[in-house]
Structures are given as structure tokens and as C-alpha cells.
Amino acid sequence: MSVRRLAAEQPESFSFTPELEAIAQKLIAKYPEGRQASAVVPLLWETQKAAGGWLPEPAIRAVAERLSMANIRVLEIATFYTMFNLEPVGKYFVQLCGTTPCMLRGAEAIKHVCEKKIGHERHVSADGTFSWLEVECLGACTNAPMVQINDDYYEDLTPENFEKLLDDLAAGRPVKVGPQNSRKGSEPEGGPRVLLDPALYAHDVKIGQEAAPADEAPTSGAPAPTSGE
């Protein structure tokens, strides 16, 4: 596991907004009296959103105070889970999957687009629009290569459609979430026709043989009984 540290530059303070306080009250109310610490992960998540996509150290302390927890306990959680960003990110935070399936399907070319369009890893673009980070498996291996941008997945990427995706986001144009080709969900490209092939479900068919017609009963290979049996 990589070492995760707080950013060197930190804001002086962080305060709960009325909106964040209302969210905190709803989260804490889900747990029995005296168990408000159970809300720490969802409250850190909501605090990260309110802080602009990352968790400054004063925000971590504010969550600890709100939940009556020791600062170090909340810091341990914030630095353990990679869903919490410990440094500033862009308006669109690109998490590029670099695990084996994505790498075999062209993640390296997608990384080059990130470097070309955004800059080096962990760098926030000058206008604050983008930043990116290579991460481990995001669980969409069937549709590799893919990235997660904020809360959405973008899959079946090529350098061309990924560049267009970034340009559209920067320009405020609508974008398509999910596969960036004709695929629907995780189905085979072109639709699930292959899965409807009856031959796939003929258990007595050997590789290279055609399935027997449906109106022909399969034979087991055992001799047929005689009339005297």
C-alpha cells in the first residue's frame, strides 16, 4: 500500500455550512445514542464534497469534533481509504485504471492523453478544470480501458473518444456516461446475439460438432432395451 500524507499547503480553517450540518444530523440520527462515530465515513465523504473534492486537515478536525472523536482516529480513516483525496483535485477528477485488463486493452495510450491534455499526474490544470491519478482496479474489466471521472464511469475508451470526452467536459457539453462505443452495459459489442445461440446450451455437442435438431432426442450411447426386458 502506498503512503498517503496530507497536502503540504493547507487552508487555515474549515467550518460546516448549514447544508453540511443538516446532512451530518441526518447521518448521525441513523445510529443509536453514543454511536455517532459510526457516521464517520459517510460524513467524511460529504465533507470532501463540500470542501471542493478533497479533505483538508482542518476539515478532518471539524469532522472529529462534530462526532466527538479523537482527531487521530478520523485522520487514520481519511488516510487509509483512497476514496478520500488528501490534496486538491480539479473540477473533473480523472481516475485512470492501470490494472492488467485495462493495461492490456490500451490504458497506456489513455494515460498519454491525460499527460497531453491535463499535465503530469496529481497536477491540477491551470484553470482548475482537470486533474488525474492512476489507480488500481475499478471493477469494469469487461469494458477496459476505462476511467472514473468524479462519480461516473467512462468505458471502452480510445485515445480519440477520450480526448473528445475531455473536450466536451471542459466546454460544458453533455457527455455519454458508460461505454463510449455501441456496447450496452457489459454485453458483447453489437448486442447479446451470441448468448442466444442454441448451440451454446446443447450439452451433448462436442467441440467442432453441430447441435442435433431440436426434434431429435439425444442418445446416451447405451443399448436400447429389448422387448423381453
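Me: Where does proline 145 lie?

Reply: Proline 145 sits in the loop between strand S2 (130-135) and strand S3 (147-149); strands are DSSP runs of E, at least two residues, and helices runs of H or I, at least four, numbered from the N terminus. The model is predicted, so local features need pLDDT of at least 70 and side-chain atom pairs pLDDT 80 or more, while totals for chains, interfaces and linings use all residues. Residues are numbered from 1 along each chain as its sequence is written, and side-chain values use heavy atoms, without hydrogens and water.

Me: What is the omega of the cis peptide bond from alanine 144 to proline 145?

Reply: Omega is near -5 degrees for that cis bond. Most peptide bonds are trans.

Me: What phi does asparagine 150 have, although it is not a glycine?

Reply: Asparagine 150 has a positive phi of about 55 degrees. Its place is the loop between S3 and strand S4 (152-155).

Me: What makes H2 oblique to H3?

Reply: The axes of H2 and helix H3 (residues 57-66) come within 10 Å and cross at roughly 140 degrees (axes are lines fitted to C-alpha atoms over the stretch in contact, and angles run from 0 to 180 degrees between N-to-C directions). Roughly parallel is under 35 degrees, roughly antiparallel over 145, roughly perpendicular 65 to 115, and the rest oblique, so H2 is oblique to H3. With contact meaning heavy atoms within 4.5 Å, Val40, Leu43, Leu44 and Thr47 of H2 meet Ala59, Val63 and Arg66 of H3.

Me: Why is H2 called roughly perpendicular to H4?

Reply: H2 and helix H4 (residues 71-80) pack at an angle of about 70 degrees, their axes 11 Å apart. That angle makes H2 roughly perpendicular to H4. Val40, Val41 and Leu44 of H2 touch Val74, Ile77 and Ala78 of H4. This contact has six nonpolar, no polar and no charged residues (nonpolar: Ala, Val, Leu, Ile, Met, Phe, Trp, Tyr, Cys, Pro; charged: Asp, Glu, Lys, Arg; polar: the others, Gly among them).

Me: Which residues lie nearest the centre of the second largest pocket?

Reply: They are Trp45, Gln48, Asn85, Asn150 and Asp151, out of 16 lining residues. A pocket is an open set of points on a 1 Å grid over the protein atoms alone, where a 1.4 Å probe fits, with protein on both sides within 12 Å along at least five of seven lines; lining residues have an atom within 4 Å of a point.

Me: Which element supplies the largest share of that lining?

Reply: H2 does, with three residues. By class, the lining has four nonpolar, nine polar and three charged residues.
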